[in-house]
Amino acid sequence: QVQVVESGGGLVQPGGSLRLSCVASGSDFRLTGMAWYRQAPGKQRELVAAIASGGGTHYPDSMRDRFSISLDNAKNTGYLQVSRLKPEDTATYYCNAAARVRRVVSEYWGQGTQVTVSS
């Protein structure tokens with residue numbers, strides 16, 4: 001089993017920056033990729049960014065300018081750097097880790113970290 005824990009959220013002023021972290025832990029697993037999603041109140045969960053263990057990244061067009069995802073395979077830790085934050089970025093940010101356990105790749109979700117952008 002793989003556990004996923006996000007951190008780094010908080011209250012940020014508009015225009016500020018934030019770096020979210022996601023740590024995957026467990027035994028006998030290998031990360032194959034990681035993604036960040038967000039969900040604002042009353043809205044559907046949406047993809048923010050994704051990265052494969054080899055380093056390839058994917059961003060929806062609307063997220064390309066201000067979001068940057070990275071992955072430290074040695075630490076099983078992923079990061080989401082967010083810049084020029086806007087009030088509409090307020091949401092719970094979730095990490096999704098894809099990991100291979102005994103030849104089976106599964107996805108694991110964290111509990112989320114709240115990001116609030118407000119003055």
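Mentor: Aspartate 61 counts as exposed at 68% relative accessibility, because exposed means over 50% relative accessible area, buried under 20%, and partly exposed in between (1.4 Å probe, protein chains only). This is a predicted model, in which local features need pLDDT of at least 70 and side-chain atom pairs count only at pLDDT 80 or more, while totals for chains, interfaces and linings use all residues. Residues are numbered from 1 along each chain as its sequence is written, and side-chain values use heavy atoms, leaving out hydrogens and water.

Trainee: What makes the contact of arginine 64 and aspartate 61 a salt bridge?

Mentor: The term requires a side-chain nitrogen of Lys or Arg within 4 Å of a carboxyl oxygen of Asp or Glu; the N to O distance here is 3.4 Å, so the pair of arginine 64 and aspartate 61 qualifies. By this rule the count comes to four salt bridges, and those that share partners join Arg38, Glu46, Arg66 and Asp89 into one network.

Trainee: Why is arginine 38 called buried?

Mentor: Its relative accessible area is 10%, which falls under the cut-off, so the label buried applies. Glutamate 46, which meets arginine 38 in a salt bridge at 2.7 Å, N to O, is partly exposed at 33%.

Trainee: How do you know that aspartate 89 and arginine 38 tie together parts that are apart in sequence?

Mentor: Their side chains meet in a salt bridge at 2.9 Å, N to O. Aspartate 89 lies in the loop between β8 (77-82) and β9 (91-101), and arginine 38 in strand β4 (residues 29-39), so the pair ties together parts that are 51 residues apart in sequence.

Definitions and conventions
Helices (H or I, at least four residues) and strands (E, at least two) are DSSP runs, numbered from the N terminus.
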